[in-house]
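Visitor: I am new to this structure and would like to learn how to read it. Please take me through it feature by feature.

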Amino acid sequence: EMADSRVERNAITFNAAVSACEKGTQCAQALQLFREMASSCVEIDTITCSAAVSSCGKGGQWVQALQLFRETADSRVERNTIMYSA
């Protein structure tokens with residue numbers, strides 16, 4: 001939906017969207033945005049990863065949460081308390 005809107009596609013807007021998905025326990029949408037962010041060459045950061053992992057954890061999607069957590073090990077994203085406690 002972001003692609004269809006006039007919202008600028010950057011780290012701030014993606015992080016806001018992924019964080020909103022976390023608060024609404026919308027794991028599938030959070031992961032979709034996370035993947036879209038990566039494919040759009042927008043830098044993924046700790047905020048993005050924390051919100052996506054937490055969204056999956058809150059939604060009971062532990063497999064996706066763990067997979068995403070493992071993916072962060074291969075990146076330069078710093079893991080934080082939120083990611084470990086999700």
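Guide: Start with burial: buried means under 20% relative accessible area, exposed over 50%, and partly exposed in between, with a 1.4 Å probe and protein chains only. Of the 86 residues in the chain, 38% are buried. This is a predicted model, in which local features need pLDDT of at least 70 and side-chain atom pairs count only at pLDDT 80 or more, while totals for chains, interfaces and linings use all residues. Residues are numbered from 1 along each chain as its sequence is written, and side-chain values use heavy atoms, with hydrogens and water left out.

Visitor: How many helices and strands are in the chain?

Guide: Helices (H or I, at least four residues) and strands (E, at least two) are DSSP runs, numbered from the N terminus. The chain has five helices and zero strands. Along the sequence the pattern reads α-α-α-α-α.

Visitor: What describes two packed helices?

Guide: Two packed helices are described by the angle between their axes and the distance between the axes. Axes are lines fitted to C-alpha atoms, for helices over the stretch in contact, and angles run from 0 to 180 degrees between N-to-C directions. Angles under 35 degrees count as roughly parallel, over 145 as roughly antiparallel, 65 to 115 as roughly perpendicular and the rest as oblique. Here the axes of α1 (residues 11-23) and α2 (residues 27-39) cross at roughly 165° and come within 8 Å. That makes α1 roughly antiparallel to α2.

Visitor: Which hand does the crossing of α1 and α2 have?

Guide: A crossing is left-handed if the near helix is turned anticlockwise from the far one by less than a right angle, and right-handed if clockwise. α1 passes α2 in a left-handed crossing.

Visitor: Which residues of α1 and α2 meet?

Guide: Contact means heavy atoms within 4.5 Å. From α1, Ala 11, Phe 14, Asn 15, Ala 17, Val 18 and Cys 21 meet Gln 29, Ala 30, Leu 33, Phe 34, Glu 36 and Met 37 of α2. For classes, Ala, Val, Leu, Ile, Met, Phe, Trp, Tyr, Cys and Pro count as nonpolar, Asp, Glu, Lys and Arg as charged, and the others, Gly among them, as polar. The contact of α1 with α2 has nine nonpolar, two polar and one charged residues.

Visitor: At what angle do α2 and α3 pack?

Guide: The angle is about 155°, and the axes of α2 and α3 are 8 Å apart. α2 and α3 are therefore roughly antiparallel to each other, and their crossing is left-handed. Cys 27, Ala 30, Leu 31, Phe 34 and Met 37 of α2 make the contact with Thr 48, Cys 49, Ala 52, Ser 55 and Cys 56 of α3. By class, the contact of α2 with α3 has eight nonpolar, two polar and no charged residues.

Visitor: Is Cys 21 buried or exposed?

Guide: Cys 21, in helix α1, has a relative accessible area of 9% and is buried. Leaving aside neighbours within four places in sequence, Cys 21 is in contact with Gln 26, Gln 29, Ala 30, Leu 33 and Ser 55. Cys 21 and Ser 55 are 34 residues apart in sequence, yet 6.6 Å apart in space, C-alpha to C-alpha.

Visitor: Which residues touch the most other members of the largest nonpolar core?

Guide: A nonpolar core is a set of buried Ala, Val, Leu, Ile, Met, Phe, Trp, Tyr and Cys residues joined through side-chain atoms within 4.5 Å. The largest one has 18 residues, and Val 18, Phe 34 and Leu 68 touch the most other members. α1, α2, α3 (46-58) and α4 (62-73) each supply at least two residues of this core. Its largest share, six residues, comes from α2.
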